[in-house]
Amino acid sequence: QKVSVEVLDHLEHLALVDFRDSEGVERLQKAIQFADQLHEVNTDGVEPMDSVLEDRCLYLREDDVTEGNCTKDLLENAREKVEEYFVAPPGNIPLPKLEERDTFLQGS
Amino acid sequence: ALLKDGLRSQVSAALKEGQATPTELCQRCLALIKSTKFLNAYITVAEETALKQAEESEERYKRGQPLGILDGIPIAVKDNFNTAGIETTCASKMLKGYISPYNATVVQKLLDQGAVLLGKTNLDEFAMGSGSTDGVFGPVRNPWSYSKQYKEKSVPKSHFEDEESNWVITGGSSGGSAAAVSSFTCFAALGSDTGGSTRNPAAHCGVVGLKPTYGLISRHGLIPLVNSMDVPGILTRCVDDAAILLGSLAGHDPKDSTTIQDDFKPFELPNLTDVSKLSIGIPKEYHAPGLSSEILALWSKAADLFKNAGAKVVEVSLPHTRYSIVCYHVLCTAEVASNMARFDGLEYGHRSDKKDSTESMYAATRREGFNDVVRGRILSGNYFLLKQNYEKYFVKAQKVRRLIANDFVKVFRSGVDILLTPTTLSDAAPYTEFIQEDNRTRSAQDDILTQAANMAGLPAVNVPTALSERGLPVGLQFIGRSFQEKQLLTVAKWFEKQVQFPVIQLEEVKRHDNGVFQHQKSASFS
C-alpha cells in the first residue's frame, strides 16, 4: 500500500524535515517495503531487546556537581543570543497546514 | 621506512632512543597529508596544535619522561568525535563551523597520553553510508587506487582514461580514517562502528579495523547515530597496534553510563604458536548472495589455514543472519529520528534565517542542513515510530534483535571460540560504479556481513588478508565473545602473521620516506 498524503504530511510535521521531491517519497516507500520483511520472522514469546547490556545494572554516579560554569563556552556556538539567553523565534505557532506550506506534498 | 613501522616494535623505541623526534614525525605526517590531499581523507588538519603537541612531547622525551607508548604518536580522528577548539562537522552542513567546546572521552584519553592529534577525517554525512561518498566535503579516495599494485592490474579502456576516473572508494563510513592510516599519514585513527563503519573501510583499504564490544569504550563525545549500537572504532596498520590503542581507550567512563564498570586491564598480545585448542566457527549464512567468488575462495583458504595448523574448524549456523540487515534498518532509522532531533539551529550548528516561528525555523534549518540520506532516515524512522506502526516495526525489530543476539550466544555456548567470516562482499568498487545505486541500497548490501556483530554488541576485527585480482585489498573478519578482545586479537595476530599482507606501494609515500630514516626495518616485512 502507498503511504497517504496525510501520513506524509504528518511525518513532515513530526520530523521537521521535508521529503523535498518524489524521490524522497519513493525512498520512504522502499524503506517500508524493505522493513516489511521483518514480518516473516516468528517472534512469538520473544521479548524485545533494548540493549545488549540488559543483564547489567546501569551505572549511577553520586549526585555531586563535578563540572559546569561553562556558560561562555556553550554560548559560543549559538548564532543568536542575547546576554546569557539563546534567542528563539516566537513559539506556539504551529507550522502552516499542508495547503499553505511550501512543500512538495502540496501537489499530491 | 619509519612511517611504515608498527607502534610497539619500532616507532616508540625510536622516539625513546632519540633516533627520531616527535616533531620530525609530526612534520613528515603533515607533509604527507599535504601531498596526498587528492585522497580527501582529512576535513580539518590541525597543523598548529599538532606541532605544539609534538614539541611538548619532545620535551618529555628529552627529560626521559614520556607519558607512555603513545607519546608523540600522530593520530587522526573521525570527524564525528568532538575535539575541543577544533571544528567538528560530521561532514554535514548542519555542523559546519561548529567548534566543539569539549573533547570526546576517547580523544581526551589519547591527548592525556601525549598522542599528537593531526586532524579530523572525512566520512559519510553523520556516519550514514558505506562508501564515505556522501559527505558535504566530497568523497574519500582509496589510496590503493594510486598504488602500483592496482595500476598494474587495471586495463585502461582508452588512452584518455586516467586515474581520475578509475579511482575506487574507501568504503565507509570511516573512510577518511581508513585512508589516513592506509596512506601512512598517521599511525592510528579513530573511527566509529554502528553497522560496520570501521571494518568495511578497513577491509577496502587494507588496514586493521577493530570494533570493540559495546560498553567497553566510552561514547561520550561521539556524536550519536544509534545509541544502542555505536562504538568508537580503531584503525591501525597491524593488530598489535590495535591492542595498544584499545588498552589506552577502554574502561569505564562516568560520563557514559553505557560503559561497563568492570575493571579493564590493558594487555599485550602473546605470540600464539599453538592453535590446536582453538575452535573456529564458520557461519554458513555468511556465504551471502553477492559474495564474490574470490572472497569465498579466500575465506575457504583461511579456514584451511586454521585446520592445517591444528585448530578445530566447524561449520555453524546463525539462522537469523539474513534478517539482521532489515532489523538494523528499522532500529537505526528509529534511533536516528530521535538523535537527529537535537539539530534545530538554536544552540549550535547551522541556523536558518527564517524568523516567523520556532517550528518554521527548525524546519528550514533542517531542510538546509541535512542531505538526502539523513533526511530520508529521519523520515523513515519517524514512520516506524508512529503509534500505528510502533509494535509492528520498532518493537518487532527489537524482538528480532534478540533472536539475532541469541544465535551468537548459542554458537559460542557450543564451544566455538571465534567466528571467521568475510568482511565485505567484494573488493572496493570504482566510485563511478558505486554511486549508481542509492545510499540505502548500498548500505543494505555492504553492511550485511558486519552488521550482526553490532546487533549483538560483539567485538569484531577486520584483518587484511590478500590482494584481489584487481590488486585491491580484501580482508576477513573475526568475531569474538563479549569482552574477550584479548582472545580475539590474539587469533587475529596469528592470522595476520600467516598471511603476510603486502605493503601498499605508493609513489607519494616513497618520496617522503627516503633518506632521513635509513636503518629502520619495517615491522611489516618481517
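Let's start at B:Ser357, which lies in the loop between α11 and α12 of chain B. Helices here are DSSP runs of H or I with at least four residues, strands are E runs of at least two, and both are numbered from the N terminus.

A word on the model. It is predicted, so local features need pLDDT of at least 70 and side-chain atom pairs pLDDT 80 or more, while totals for chains, interfaces and linings use all residues. Residues count from 1 along each chain as its sequence is written, chains are lettered from A and ligands numbered from 1 in the order written, and side-chain values use heavy atoms, without hydrogens or water.

Back to the serine. Is B:Ser357 buried or exposed? Buried, at 3% relative accessibility. The cut-offs: buried is under 20% relative accessible area, exposed over 50%, partly exposed in between, with a 1.4 Å probe and protein chains only. What does B:Ser357 touch, beyond neighbours within four places in sequence? A:Pro89, A:Pro90 and A:Ile93. Contact means heavy atoms within 4.5 Å.

Next, a helix pair across the two chains. Helix α2 of chain A covers residues 22–35. Its axis and that of α11(B) come within 9 Å and cross at roughly 130 degrees. Axes are lines fitted to C-alpha atoms, for helices over the stretch in contact, and angles run from 0 to 180 degrees between N-to-C directions. The two helices are therefore oblique. Under 35 degrees would be roughly parallel, over 145 roughly antiparallel, 65 to 115 roughly perpendicular, and the rest is oblique. Who meets whom? From α2(A), A:Ala31, A:Phe34 and A:Ala35; from α11(B), B:Ile325, B:Val326, B:His329 and B:Val330.

Now the rings. There are 17 aromatic pairs over all chains. Rings of Phe, Tyr and Trp (its six-membered ring) pair if their centres lie within 6.5 Å; planes under 30 degrees apart are stacked, over 60 edge-to-face, the rest tilted. Take B:Tyr98 and B:Tyr348: centres 5.9 Å apart, planes at 55 degrees, so the pair is tilted. These two are 250 residues apart. B:Tyr98 sits in the loop between β2 and α4, B:Tyr348 in the loop between α11 and α12, in chain B. B:Tyr98 is buried at 9%. B:Tyr348 is partly exposed at 24%.

Another tilted pair: B:Phe384 and B:Tyr393, with centres 5.0 Å apart and planes at 45 degrees. Both residues are buried.

Ring pairs also link B:Tyr98, B:Phe126, B:Phe343, B:Tyr348 and B:Phe370 into a cluster.
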